[in-house]
Each structure stands twice: as C-alpha cells, then as structure tokens.
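Please look through the sequence and the structure first.

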Amino acid sequence: MSLWARPAQRAQLVSIARQQRCYATSERTSDKVPTNDPNPPAPVQNVSDSNAVPISTMGLQDPPLQELPEDSEKQRQMQAPNRAQPWSRSQQPRERAMSGPRFEQTIMEYQPQPHAAIELIHKQPVRWTKQRVASCDGGGGPLGHPRIFINVDKPQINWCTYCGLPFAHEHHRKYLQSLPMTTYPLEPQGAVGEVPESQRVSDEPFAPR
C-alpha cells in the first residue's frame with residue numbers, strides 16, 4: 001500500500017504495525033512471546049518422575065540408576081556446580097539447553113559438570129612482588145601462555161589478561177588488607193582450586209609444570 005494512502009488507510013497500517021510490534025521473536029526459537037506478559041507461564045518441570053524408579057543394571061556391580069526429580073531439576077538449572085548463572089552473552093543457559101524430551105529421563109548426576117573457571121580463578125591468592133613490573137606466563141610449558149609484563153605500581157590488584165592470576169606490589173599489602181573486601185584472596189585460603197606458586201618445576205620454555 002502506498003505511503004500516500006488515505007488517512008483511514010494510514011491509521012489502519014499504524015494499528016497493524018503496533019499489534020505486530022508488541023510481540024518479539026526469540027533468537028533461539030520461532031515461537032512468538034509477548035514482550036511484557038503480566039501473567040507469564042509457570043515453569044514446567046522438565047525431569048520425568050520416572051527417574052525416581054530404580055533401574056536395574058542387569059547383574060553389573062554398579063548401583064541401580066535412580067535420582068529424585070527435585071535433585072535432578074536443581075542440577076539442571078545450575079550452569080555449573082560452582083555458578084548458577086551464565087557468564088557470557090553467547091552462552092546458553094543450561095536449563096534451556098538441557099530441556100525437551102531428550103533430557104526427560106536423564107540422570108543429571110552422571111552428566112558432565114565442569115566447574116566454571118571464572119569462579120575458580122578468583123580462588124587464587126595474590127602473587128606479591130617487590131618489583132614494579134611482574135611477569136606471567138601461566139606457569140610455562142605447553143599449558144602456559146605468552147609471557148606478558150604487568151605494571152603493579154598502583155595500589156590495587158592487577159591480574160593477568162591471559163590466565164587471570166592476580167599480582168600486587170608488596171608496598172601496597174597493608175592498604176589492600178585494610179579494604180573491606182577484595183576480588184582475590186590476599187593470602188592462601190586452602191581452597192581446592194588453588195594453584196601453588198611452587199607448581200613450576202623448571203624454567204625451561206617447554207618444561208613440565
């Protein structure tokens with residue numbers, strides 16, 4: 001229809017455009033969902049209740065397959081064992097990815113559940129140095145990264161842009177300790193994910209760590 005249509009026709013076009021604009025199409029589905037639904041649908045449990053029924057392993061020494069639907073649903077909604085929400089814009093929520101008939105009778109306890117590195121790196125204690133510039137290569141060897149140099153002049157925790165290890169100058173230790181909280185622990189806490197500074201066994205470029 002031409003833009004030079006009559007006023008009644010133009011009003012009809014505007015009304016149709018407004019009706020179409022109140023719906024948005026998700027990037028991951030073709031279903032049209034109202035953008036501002038005052039009564040959103042209640043979430044439906046994706047895990048089947050049949051998971052609570054033990055399944056025999058047919059004479060094997062493994063225990064029977066059994067899992068409570070409540071526990072399975074809780075694990076399905078967690079993005080990682082140590083983090084509940086996604087940490088990247090391009091990352092799909094686990095509860096959305098593991099949904100549908102394919103995962104209704106899946107024992108979530110036996111599915112891969114790697115810990116989120118974004119949480120593990122913040123368990124690493126600060127590496128204190130007395131030099132103005134610290135260097136980091138991720139520990140060296142094939143599991144490391146190119147060596148970079150980090151300026152630690154400012155009274156703050158400076159992290160490696162490759163692996164995230166934190167560094168700070170010894171001169172600023174008292175100031176950082178006086179802060180109510182820091183993004184990294186200032187001293188070793190004995191956490192399971194801590195990597196000790198003595199992990200390196202050789203300074204050779206391709207030596208094992």
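## Terms and basis

Two strands pair if DSSP finds at least two bridges between them. Helices (H or I, at least four residues) and strands (E, at least two) are DSSP runs, numbered from the N terminus.

The model is predicted: local features need pLDDT of at least 70, side-chain atom pairs count only at pLDDT 80 or more, and totals for chains, interfaces and linings use all residues. Residues are numbered from 1 along each chain as its sequence is written, and side-chain values use heavy atoms, with hydrogens and water left out.

## Confidence

The protein has a mean pLDDT (the predictor's confidence in each residue, from 0 to 100) of 76, and 74% of its residues reach 70 or more. Where pLDDT is low, the predicted coordinates should not be read in detail.

## The three-stranded sheet

An open sheet of three strands has the order E3-E7-E6, with mixed pairing. Strands E3 (127-129) and E6 (158-159) stand at its edges with a single partner strand each, so one side of each has no neighbour in the sheet.

E3 and E7 (residues 166-169) run parallel and are joined by three bridges. Phe167 in E7 is the bridge partner of Arg127.

E4 and E5 pair in the antiparallel sense over four bridges, and Val133 stands opposite Asn151 in E5. Buried means under 20% relative accessible area, exposed over 50%, and partly exposed in between (1.4 Å probe, protein chains only).

Asp137 lies in the loop between strand E4 (133-136) and strand E5 (148-151). Asp137 is buried, with a relative accessible area of 12%. Its side chain makes a polar contact of 3.4 Å with the side chain of Arg147. A polar contact is a pair of N or O atoms within 3.5 Å; within protein, one must be able to donate a hydrogen and the other to accept it, and residues adjacent in sequence count only if both atoms are side-chain atoms.

## Gln79

Gln79 is in the loop between helix H2 (69-77) and helix H3 (94-97), and is buried at a relative accessible area of 12%. A polar atom of the Gln79 side chain lies 3.2 Å from the backbone oxygen of Gln92, and the side chain reaches the backbone nitrogen of Arg94 at 2.8 Å. Beyond four places in sequence, the residues in contact with Gln79 include Ala84, Pro86, Trp87 and Pro93.

Conventions. Contact means heavy atoms within 4.5 Å.
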